[in-house]
Number of protein chains: 2
Amino acid sequence: MINENCYKLGAEPSVIRSLFAYGLQQAALVGPDKVYDYSLGNPSIPAPAAVNASIMDIISSMDSIQVHGYTMAAGLTDARKAVAEDLERRFGLPVKAEELFFTCGAAPALISVIKALAVGEDSEIMLLAPFFPEYVPFVEQNGAKVVIVPPDTSSFQIALDKLEALLSPRTQAVIVNSPNNPSGVVYSRESLEALAALLERKGAEYGHPIYIIADEPYRELVYDGVEVPFIPCIYKNTVVCYSYSKSLSLPGERIGYVYVPGFARDSRELYTAISGAARIMGHVCPPSLMQLVIGRCAAERPDLAAYDENRRLLYGSLTAMGYECVKPQGAFYLLVKAPGGDSMAFSEKAKLQQNLLLVPADGFGCPGYLRLSYCVAKDMIERSLPAFKALLD
Amino acid sequence: MINENCYKLGAEPSVIRSLFAYGLQQAALVGPDKVYDYSLGNPSIPAPAAVNASIMDIISSMDSIQVHGYTMAAGLTDARKAVAEDLERRFGLPVKAEELFFTCGAAPALISVIKALAVGEDSEIMLLAPFFPEYVPFVEQNGAKVVIVPPDTSSFQIALDKLEALLSPRTQAVIVNSPNNPSGVVYSRESLEALAALLERKGAEYGHPIYIIADEPYRELVYDGVEVPFIPCIYKNTVVCYSYSKSLSLPGERIGYVYVPGFARDSRELYTAISGAARIMGHVCPPSLMQLVIGRCAAERPDLAAYDENRRLLYGSLTAMGYECVKPQGAFYLLVKAPGGDSMAFSEKAKLQQNLLLVPADGFGCPGYLRLSYCVAKDMIERSLPAFKALLD
C-alpha cells in the first residue's frame, strides 16, 4: 500500500552517488591519495568572504525574530530588489522585484515552472542533450512528457535541425542549460539567436508561445572571457531558473530564484501559476537567513582562479595524452570521449584498475562520453594523470 | 497555455494573509497601537540563545565548504543522530538516524508522506476538524482524496464515532495534529489509544495498515504540564512530521524531518518512497547550516513563559467577558465561539468596527468559531480588550 512510483524513484541507484560511495570505500582500503574522484559536482572553492561576514553581521546585529521568521512565499522584497538591480545593471533589462520568486535552489524552481507549464498529459518539455539527468524525473513526474533532442557532438552547441524536427504543437518549453552540465560548453549568441528565431516562428505557427526555461546555476562560472548571453535579452518568452549553489558555493543552503520577465507572454499568469505550483510542493519560503545574505551579496562573484587552473591542467594533460575532450568554457565539467567508444565499460575499467572515478554520460543523453567534475583539489588531478595515461596504453 | 489548477492555487486569496495585509494598511492610517492583529501564527519569542551562538560558532570555526556544501538528501548523519538520541531519551523508543529524513520544514515533510501513501486516485487521507487549511491542497494536489471528520465541539478531542463511520478500505492515513492548530487542544492519551485501537481493528479488517501521520510542529509548546503522548509509542504505524519552526522559533529557516519508525509496517519501503517523493518535489537537502545547528541544538527547548502569560491573559479576559473559548493547552492559538454564531460576519464586524483581526475558522473545518493567534506582544492583548468588550455589548 505504498506508492510504487515513489518507491522506485527513491530506490533507483544513482550512478554518480554509487561512484562516490565506491571512492570512499576504496580510500579506506588503499588510502585517499590513491583514489581519484571526478564524480561529484560539489563546489570546491569556499563561498566569497562576504557571505560568511554577512551571516555573522546579520546574526549579531539583527533581531532574531526578524532573521528567522517567515517571509513572503516569494521572498523578502529587499532581497529580491537587490537581485533585480544586479540583473538590471549587468544585462540592461528592466527587472522588478515582483518578477522574482525565490526558491529553495534550482531544482524546485525548475519543477514549479514545469508544473505551471504542464497543461495536459501530452504537454512536452524538450531537453537538449547532453542534459542534467534529473530533468527527466522532474518533467515526467510533474505532468509533462520529455522529448530529447540528440546532441550535436561536433560542437555541443544546440542541434537546431534535430530540435526543429521534434517540435510539435504540444511543445510547451525547451530547457536550456548554459554553461552546460556536463559538456562545459557555453551556447553562443549565434546559437541562441537561431533558437529564438525558430521558437518565435513555430510559436506563431502553433498559436501559443514556446517558452525557454533557462537553467542557469553556472552562469557566473565561465573562463577566458567567454560571453554567456542573458537569454531574456534574446528571446522574450524566457523564464530563468537560478541557484546560488555554484556561483556563491552555497549548494547545501538551498537558495535560488525564478525570474519571469514582465515582457514574457502571460507573464503574471505564469508567475501566479509558479507560486501555486510551489505551494503544493510545500514551499513556504526559502531559508530566511540566506535570503538576507543574498540581499547583501547579490553582486558578489566567485573567485574562479582555482577552477580555471584545474580546467587548463586537466584539459591540457588529457588532450596531450590523446584523449578527445570537449573544450570546456564554463561550469566545472569536462566531457571526454570514452576511448573505445563504450563509456560504461571504460568507466568500470577506470574504476577497477585505477580507482579513477569518471561518470559515464549515458544518463546525460550522451553515450560514449564521460563526465569529469574538476571541482577538486589540484593535486588530485596531478596525482591522477598517470592513471589516465595507463588506461590509454 | 498555463496550468489552470496551479494558477488558481497561486491566485487564491488567503483569509489569514488578507487580514494581515488589512492590518498593515490600517496601522498606517490609524496608528499601529490601534490595530489588534491576531491573524498570523508567526512565533513571537526569539530562538533559544544556543541557536544563534551555534551559528556564530559554526561559521567562525568550520570550513566554509563543509558548512555550505551538499549533504545527503536525508540530512547529515550526525544531525540525525542527535535528533534520534533526543527522541530516544525522551520517549524511551529506539530511534535510529536512518529512520529520520530531514526536510525543508513540515509542509514538504507532510507532502512527501502523502505522495508516498497515495497509491491510487481513490486513496483517502482523513483530516480531523479543526485542521490546518493547507492540508486540503497538500492532499488533493498530491494524488489523494480528503475525507473530513467533523469536529467534536464538546471537547475538541477526536470525534471517534464520526471517524469510524468515515473509514473505508481506501483510507490510507489519518493526519493527527496535536497540540492542535487552531484549537490549542492536546489529544489525550485516552483519545489516542482509542484511535489506535480502532485503526488497528479496521486495518486488520481491510488487510492493510492505516497510518497515522502525526503532524507535530507544536509538540514542545504545551502548558500546565499537560502530557503530549508520543504517538509512535501508542500506535506503531505512525509517521511523524516535525518542524523546528515553532519549537526553536525558526519558521523562516525551513528545517524539520519525517520520522518513520523501524517498527511501522513496511517501514523501509515507506521511507524509500518518501525519499523518492521528495526527489520529484525538488528536494536536494535541507539547508546545511541549519542541519548543523539542529545537530547541536536538538535538545534545546523554547522558553514558553511569554506565550503562557498571553494565553492566561487572553483566555481569562475573554471568558470573563462572556466569550465561549476552548481551553487552550498547547500551541499558541485560542479558538473562540463567534457570538451570534456567524464567524465570517463577526470577523468582518471586528475588523471594520474595531481593527480587531480574528480568523474565521471556517477554512479550518470549524464554522462558527474564530482563531486567535496569541503569539503577539502582551501589551497588544491588553490594548485589545476594550475592543472585544465593545463587540459583545
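Guide: A crossing of two helices is left-handed if the near helix is turned anticlockwise from the far one by less than a right angle, and right-handed if clockwise. The model here is predicted, so local features need pLDDT of at least 70 and side-chain atom pairs count only at pLDDT 80 or more, while totals for chains, interfaces and linings use all residues. Residues are numbered from 1 along each chain as its sequence is written, and chains are lettered from A and ligands numbered from 1 in the order in which they are written.

Visitor: At what angle do the axes of α6 and α10 of chain A cross, and which hand has the crossing?

Guide: Two packed helices are described by the angle between their axes and the distance between the axes. Helices (H or I, at least four residues) and strands (E, at least two) are DSSP runs, numbered from the N terminus. Axes are lines fitted to C-alpha atoms, for helices over the stretch in contact, with angles from 0 to 180 degrees between N-to-C directions. In chain A, α6 (residues 106–117) and α10 (residues 267–279) have axes that come within 8 Å and cross at roughly 115°. The crossing of α6(A) and α10(A) is right-handed.

Visitor: Which residues of α6(A) and α10(A) meet?

Guide: Two residues are in contact if their C-beta atoms, placed from the backbone, lie within 7 Å. From α6(A) come A:Pro108, A:Ser112, A:Val113, A:Lys115 and A:Ala116; from α10(A) come A:Leu270, A:Ala273, A:Ile274, A:Ala277 and A:Ala278. By class, this contact has 8 nonpolar, 1 polar and 1 charged residues. Ala, Val, Leu, Ile, Met, Phe, Trp, Tyr, Cys and Pro count as nonpolar, Asp, Glu, Lys and Arg as charged, and the others, Gly among them, as polar.

Visitor: How many residues of chain B are in contact with chain A?

Guide: In chain B, 65 residues are in contact with 65 residues of chain A. On the chain B side, the elements that give two or more residues are α1 (4–11), α3 (49–61), α4 (64–68), α6 (106–117), α7 (135–140), α11 (267–279) and α12 (288–297). The largest share, 8 residues, comes from α11(B). That side of chain B divides into 37 nonpolar, 21 polar and 7 charged residues.

Visitor: Why does A:Tyr7 count as buried?

Guide: A residue is buried if 20 or more other C-beta atoms lie within 10 Å of its own, exposed if 12 or fewer, and partly exposed in between. A:Tyr7 counts as buried because it has 22 C-beta neighbours inside 10 Å. The residue lies in helix α1 (residues 4–11) of chain A. Leaving aside neighbours within four places in sequence, A:Tyr7 is in contact with A:Ile2, B:Glu269, B:Thr272, B:Ala273 and B:Gly276.

Visitor: What is the strand order of the open sheet in chain A?

Guide: Strands of a sheet pair through backbone hydrogen bonds, either parallel or antiparallel. Two strands pair if DSSP finds at least two bridges between them. The open sheet of chain A has 7 strands in the order β2-β8-β7-β6-β5-β3-β4, with mixed pairing. Its edge strands, each pairing on one side only, are β2 (100–103) and β4 (145–149). Between β5 (residues 171–176) and β6 (residues 211–215) of chain A, which run parallel, there are 4 bridges. A:Ala173 has A:Tyr211 as its bridge partner in β6(A).

Visitor: Are the residues of β3(B) buried or exposed?

Guide: In strand β3 (residues 124–128) of chain B, 5 of the 5 residues are buried, so the strand is largely enclosed by the rest of the structure. B:Glu124, B:Met126 and B:Leu128 are buried on one side, and B:Ile125 and B:Leu127 on the other. β3(B) runs parallel to β4 (residues 145–149) of chain B and is joined to it by 5 bridges.

Visitor: Which residues does a cis peptide bond join in chain B?

Guide: One such bond joins B:Ser178 and B:Pro179, with omega about -5°. Another joins B:Asn181 and B:Pro182, with omega about 20°. B:Pro179 lies in the loop between β5 (171–176) and α9 (189–206) of chain B, and B:Pro182 also has its place in the loop between β5 and α9.
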